[in-house]
Amino acid sequence: MTNPLTEQFSAPLTFNWSLSYRCNFTCSHCYSREEECDELSTPQLKQIVDVLVKHQIPFINFGGGEPLLRPDLYELTTYAREQGLNISMNSNGWLLDAAAAEKISTAGFRSVGISIDSADADLHDDFRIRPGSFDKAVNALDVLADAGVRTTMSSVISRINYRQFHDLLDLARKYRVPQVYLHNFKCSGRGFKNRQELDLNPQEWKEFYVEALKVKEETKDLLISFDDPVIASLPGYADNSLVKGSSCGKLSLNLRPNGDITPCGFIPLVVGNILRDDFEEIWYNSPILNKMRNKEAKGKCQGCGAYEDCLGGCTARAFATTGDLSEPDPHCWK
Amino acid sequence: MKRLQRNPDIVWRVEKRRQQAVLDRLEAGEETEDEGTVILLISGMMHQLNLLGGMIWNLCDGHRTLEHIVTELLQEFDVERDLLQTDIQTFIDDLIERGWLSYDQSTD
Ligand code: SF4
């Protein structure tokens, strides 16, 4: 219909928003367990919603910490919904019983993602260091579906589950989940500390993604989503993403509990504060965001045929391991 | 009255800077038909509408009929009414077929 939109968007499409870093879990791969941050009052949170509305940012995804630990979550969501925003969240499901599912439905959540790391209950509980967490998580999927809320399942791919990802898909089917996110492993926070144990090596990543892309292609009853730009070099990768490379700073931004903005939850570089600073100034002129949008090929990316689509892979992983946003993604197998 | 309304499941936004740039280019006599100014997000895919398409889309707010939209857009474009009406009708028919727009059939 029209030429591709090559210029920058006028604002992000999504804000990933941590209302709090508090959590009732201490998972082995979590990026936010070591984070500490002041939290804002309900009126301040509503003020942030006003900023998002003003800049026509259509999606908010509450992440964490555990969003359900903020008692004003529903009030805030209702407020944002009334102004036309689309709200989703990610939860570990522990607090999500039938009564909470009803409130979530009433508040107007568009979808709720539940984190499940393994279809093997013991393994999941072990990884989340909380006995009973698997049962609570699948129960959350059930009560949400009963309440008519669209669910998704989020699984961070790591050494404990990459060979059994088919089981995760079957689990989703069993619990009426229409979409599964197989998230890439980010090497931040605890994920960084535990990466020797949890992270795959580049060759294993390649094998995992080749297989997973094939399964995605063959699967019709379930939507399988990835968020890893390094797969752009693989056969079977259908290019329907809205931007090339990492979407952070191009389609999405991250909000910390005190209103600080970072490019994504895994890059701890604050580019401004949404309550104190002018949002357009940050969006258009932040040197860090602009650097991420205009990466230059370094190291082995120079001369790589996939660079145009891959743009060096996951910027957060490159930064976490090298301190340089433009270095090649450490997961790259090339 | 057959009022036109957008599919409420579609998330959309006017890309303001882009729109301004297209308006500037139009002013300078340049071709802008293939330049998107409004983005629509539908099932994880992004679609774009050009300047005229975006203006029509903006006006399909459940309060206006095709006639109203033609009348309003005649003030923006220096063309014959019939010609504009045909263009708008074609665009709207296409979007109705895609399920992105519909006619509100309620009478009053
Ligand atoms: S070498 Fe760089 S551009 Fe090529 S696939 Fe690896 S990360 Fe992507």
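**A tour of the model, starting at the ligand**

The shell around the ligand is made up, by class, of five nonpolar, one polar and two charged residues, where Ala, Val, Leu, Ile, Met, Phe, Trp, Tyr, Cys and Pro count as nonpolar, Asp, Glu, Lys and Arg as charged, and the others, Gly among them, as polar. This is a predicted model, in which local features need pLDDT of at least 70 and side-chain atom pairs count only at pLDDT 80 or more, while totals for chains, interfaces and linings use all residues. Residues are numbered from 1 along each chain as its sequence is written, chains are lettered from A and ligands numbered from 1 in the order in which they are written, and side-chain values use heavy atoms, with hydrogens and water left out.

To see the shell, select A:Lys300, A:Cys301, A:Cys304, A:Tyr307, A:Cys310, A:Gly312, A:Cys332 and A:Lys334, which are the residues around the ligand (a residue is near a molecule if one of its heavy atoms lies within 4 Å of it).

Next, select residues 133-146 of chain A, which form helix H5, with 14 residues and a reach of 20 Å from the first C-alpha to the last, close to the 20 Å expected at 1.5 Å a residue; the expected span is 1.5 Å times one less than the number of residues. Helices (H or I, at least four residues) and strands (E, at least two) are DSSP runs, numbered from the N terminus. Within H5(A), colour A:Ser133, A:Phe134, A:Ala137, A:Val138, A:Ala140, A:Leu141, A:Val143 and A:Leu144, which are buried (buried means under 20% relative accessible area, exposed over 50%, partly exposed in between, with a 1.4 Å probe and protein chains only). Among the elements covering these buried residues of H5(A) are helix H3 (98-107), strand S4 (111-115) and helix H6 (165-174) of chain A, contact being heavy atoms within 4.5 Å. Just after H5(A), stop at A:Gly148, which takes a positive phi of about 80°.

Two further stops have a positive phi without being glycines. A:Gln56, with a phi of about 55°, lies in the loop between helix H1 (42-54) and strand S2 (59-63) of chain A, and A:Gln56 counts as partly exposed because its relative accessibility is 30%. A:Arg176, with a phi of about 60°, is found in the loop between H6 and strand S6 (179-183) of chain A, and its relative accessibility of 43% is why A:Arg176 counts as partly exposed.

Finally, select A:Leu198 in helix H8 (residues 195-198) of chain A, which counts as buried because its relative accessibility is 4%. The C-alpha atoms of A:Leu198 and A:Arg159, although 39 residues apart along the chain, are separated by 4.9 Å.
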